[in-house]
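Please read them alongside the structure.

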Amino acid sequence: MRASGQARASRRDWGWHPLRADWAARVVEQAPVRPGDLVLDLGAGDGALTRPLLDAGARVLAVELHPGRAAALRRRFADAPVTVVTHDLADLRLPRRPFRVVSSPPYQLSTGLLRALLGTDRLLSADLVLQRAAARRLADAPPGARHARRFVLDVGAPVPRRAFRPPPRVDSAVLRVRRR
């Protein structure tokens with residue numbers, strides 16, 4: 001971990017590993033997204049998942065903390081049914097109507113994010129690209145177990161390091177969350 005104020009040298013150092021377009025399309029194809037669904041892309045980055053979500057007919061709420069990436073998303077999807085919000089996922093307020101999540105969130109926010117998602121009755125499904133070990137751990141022992149009774153969690157498709165640019169140091173997998 002770097003000291004406060006010290007510059008970070010690369011994307012790998014600051015933990016941003018965007019999915020390649022072909023892998024993003026695979027993740028979306030395996031998610032139960034239907035035309036007209038409201039889908040949250042949490043940690044949207046450069047919009048790798050946003051594009052295939054739009055192709056599937058979803059209305060997308062793209063949440064991105066980095067102001068430069070959020071501005072680029074707004075420009076890229078200006079004429080599409082995408083709302084871009086510059087916000088910290090740790091403080092995210094979830095929609096008041098039914099929604100899905102298809103996301104490759106920052107790994108360090110996985111547990112808190114899943115706890116928040118499992119705590120709402122408006123979540124229809126979630127497909128989260130997480131570190132493989134974290135996906136397994138969270139599927140076996142979801143945070144907020146009392147809320148998890150409404151959902152089934154399992155580990156879906158593997159997402160290898162090469163699916164990202166730059167590649168992270170670990171392999172990933174899709175954590176699938178479905179309503180019972």
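1. A polar contact here is a pair of N or O atoms within 3.5 Å, where one must be able to donate a hydrogen and the other to accept it. The model is predicted. By that cut-off, the side chains of D41 and T50 make a polar contact at 2.7 Å.

2. D41 has no salt bridge, although D41 is buried. The nearest side chain of opposite charge belongs to R76, 8.4 Å away. A salt bridge would need a side-chain nitrogen of Lys or Arg within 4 Å of a carboxyl oxygen.

3. T50 is buried, with a relative accessible area of 0%. Beyond its neighbours within four places in sequence, T50 has contacts that include A44, V60, F77 and V82.

4. D41 itself belongs to strand β1, residues 38–42. Five of the five residues of β1 are buried, so the strand is largely enclosed by the rest of the structure. V39 and D41 point one way from β1, while L38, L40 and L42 point the other way.

5. On which strand does D41 find its bridge partner? The partner is A62, in β2. Strands β1 and β2 (residues 59–63) are parallel and pair over five bridges. Together with α3 they form a right-handed β-α-β unit.

6. β1 also runs parallel to strand β4 (residues 99–103), to which two bridges join it. In this pairing L40 stands opposite V101. Leaving aside neighbours within four places in sequence, the contacts of D41 include V102 and S103, as well as L49, L53 and V63.

Definitions and conventions: Residues numbered from 1 in each chain as written. Predicted model: local features only at pLDDT ≥ 70, side-chain atom pairs only at ≥ 80, totals over all residues. Heavy atoms only, no water. Helix = DSSP H or I, 4+ residues; strand = E, 2+ residues; numbered from the N terminus. Buried < 20%, exposed > 50% of the residue type's maximum accessible area, 1.4 Å probe, protein only. Lys, Arg positive; Asp, Glu negative; His and termini not counted. Contact = heavy atoms within 4.5 Å. Pairing = 2+ DSSP bridges. Right-handed = clockwise from strand over helix to strand, strands pointing away.
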